[in-house]
Amino acid sequence: MAIIEVVKFEGDPSLLAWKYPNVELGTWTQLIVNEAYEAVLFKGGKACDVFMAGRHTLETANIPILNNLVNMPFGGKSPFAAEVWYVNKKYALDVKWGTATPIQIQDPKYNLFLPLRSFGQFGIQVTDSKKFLIKLTGTLNEFSQDTMKKHFKGLYLTNVKDAISSYLIKNNVSALEINAYLLELSNYLQERMAPVFSDYGIQLVNFYVNDISVPENDSAVMQLKAALAKKAEMDIIGYDYVQERSFNALQGAATNPGSSQSGFMGAGLGVGMGVSMGGAFGGAMSQLSNSINTNGIKKCPKCNSNMNSNSRFCSTCGFDTIERPAGDELHNMQATVSCAECSTRFPKTAKFCPECGNAYRPCSNCGADLPESATDCPSCGTAKSKPCPKCSAIIAIPNVKFCPECGNKL
């Protein structure tokens, strides 16, 4: 049986623990322990002693417990069966973790069930070599970071799920906003899991949650993001969902060629909703409602009298309202006016008749030229408007005693 002269670490530097392969050791064997490592001697499955960095001679003087475990009949040089474990005491700060499957969590802000994925890394250091080897290694020949992650996978996954869920609910934070609170979550998780690691002789140096994400192709996520994008668009433009629905109802009623009376009533209800909202949108609804003729009435283009929308001739002045191309008699009648003195037609934009020079005095209702002595419009019967002698405002209401603009007594 060979006597081993030198025992030293020959395993992978990334391992957390490594067992020297030969268990037949002899007294006076040289045990070499490098910096950042500790060596633990086992005899009969029992941890005898822990050796720090340096060179050690395995003899009863250095290992008093061997006096009771090993029989030395050969002058203190007999071999004995023992195991030497090397434990890595360096900091391992790059241990990766992640959720293999999404965590289903109800978003407290939008009440949707969203799948969350989370990943990060943590750092550890073995602080109690005996406790670490006794509780974790068993009959293994080596103990790696991957083996350690498998041992503690259930621990950190359970804590991560519980921490994220409770944090979202207690702080009313959406799952889409949780990445703004990763540092708080990381500190919280480290505090919760550190005592569990300590029970196995491991110090949890740090625990980081690097990212919490949702799958982009999930239907609930796509629906939520589309709704948030629509809300952002409405906030930028300056309207809300109720206003949008009212406008859509009005637009559909106005553009539907087969709308019945009940359809127009529905559109009118939408108009009322739109107007009550006020602001720019209310004004737009009011303008749209004015363009929809709900009573079957139209205006005569000559005298501005109300007439049935299905009638061709005006019952007041007899004007033919049939549609004609621009530039014909109807167009001319709408754009020109007949002089009250010489009956010459001239554009309504003129201030004087080009034939006789008579001043154009337009009717406030139909635009007809009024004689200077007239009190009512001969075309539509509207009372003649007159200017205020003080502020020149046109006064369309007959027999008033004071100017409605400046209060001047007339």
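**Close-up views of a predicted model**

**View 1. Strand E17 and the lining of the largest pocket.** Strand E17, which spans residues 336–338, contributes the most to the lining of the largest pocket, giving three residues. Please keep in mind that this is a predicted model. The lining comprises 16 residues in total, and those nearest the pocket centre are Lys302, Val337, Ser338, Ala368 and Ser379. The space inside the largest pocket comes to about 260 Å³. Sorted by class, its lining holds eight nonpolar residues, along with four polar and four charged ones.

**View 2. The loop around Cys380.** Here we look at Cys380, which sits in the loop between strand E18 (345–347) and strand E19 (386–387). Leaving aside residues up to four places away in sequence, Cys380 touches Cys303, Cys363, Asn365 and Cys366. Why is Cys380 classed as partly exposed? Its relative accessible area is 22%, and the partly exposed class applies because this value lies between the 20% limit for buried and the 50% limit for exposed. To link this view with the previous one, take Ala368, one of the residues nearest the centre of the largest pocket. Ala368 and Cys380 are separated by twelve residues in sequence, and their C-alpha atoms are 8.7 Å apart in space.

**View 3. A five-stranded open sheet.** Strands in this open sheet follow the order E6-E5-E9-E2-E13, and their pairing is antiparallel. At the edges are strand E6 (46–51) and strand E13 (142–143), each of which pairs on one side only. As a friendly reminder, strands of a sheet pair through backbone hydrogen bonds, in either a parallel or an antiparallel sense.

**View 4. Strand E9 and its two neighbours.** Strand E9 covers residues 83–88 and is mostly covered, with five of its six residues buried. How many bridges join E9 to strand E5 (residues 37–43)? There are six, and the two strands run antiparallel. Within this pairing, Val87 of E9 stands opposite Glu38. Strand E2 (residues 17–19) also pairs with E9 in the antiparallel sense, here over three bridges.

**View 5. Strands E5 and E6.** Moving along the sheet, we reach the pairing of E5 with E6, which is antiparallel and has five bridges.

Definitions and conventions:
Residues are numbered from 1 along each chain as its sequence is written. This is a predicted model: local features need pLDDT of at least 70, side-chain atom pairs count only at pLDDT 80 or more; totals for chains, interfaces and linings use all residues. Side-chain values use heavy atoms; hydrogens and water are left out. On a 1 Å grid over the protein atoms alone, a cavity is a set of points where a 1.4 Å probe fits but cannot get out, and a pocket is an open set with protein on both sides within 12 Å along at least five of seven lines; lining residues have an atom within 4 Å of a point. Grid points are joined across faces, edges and corners, and a volume is the space filled by probe spheres set on the points. Helices (H or I, at least four residues) and strands (E, at least two) are DSSP runs, numbered from the N terminus. Ala, Val, Leu, Ile, Met, Phe, Trp, Tyr, Cys and Pro count as nonpolar, Asp, Glu, Lys and Arg as charged, and the others, Gly among them, as polar. Buried means under 20% relative accessible area, exposed over 50%, partly exposed in between (1.4 Å probe, protein chains only). Two strands pair if DSSP finds at least two bridges between them. Contact means heavy atoms within 4.5 Å.
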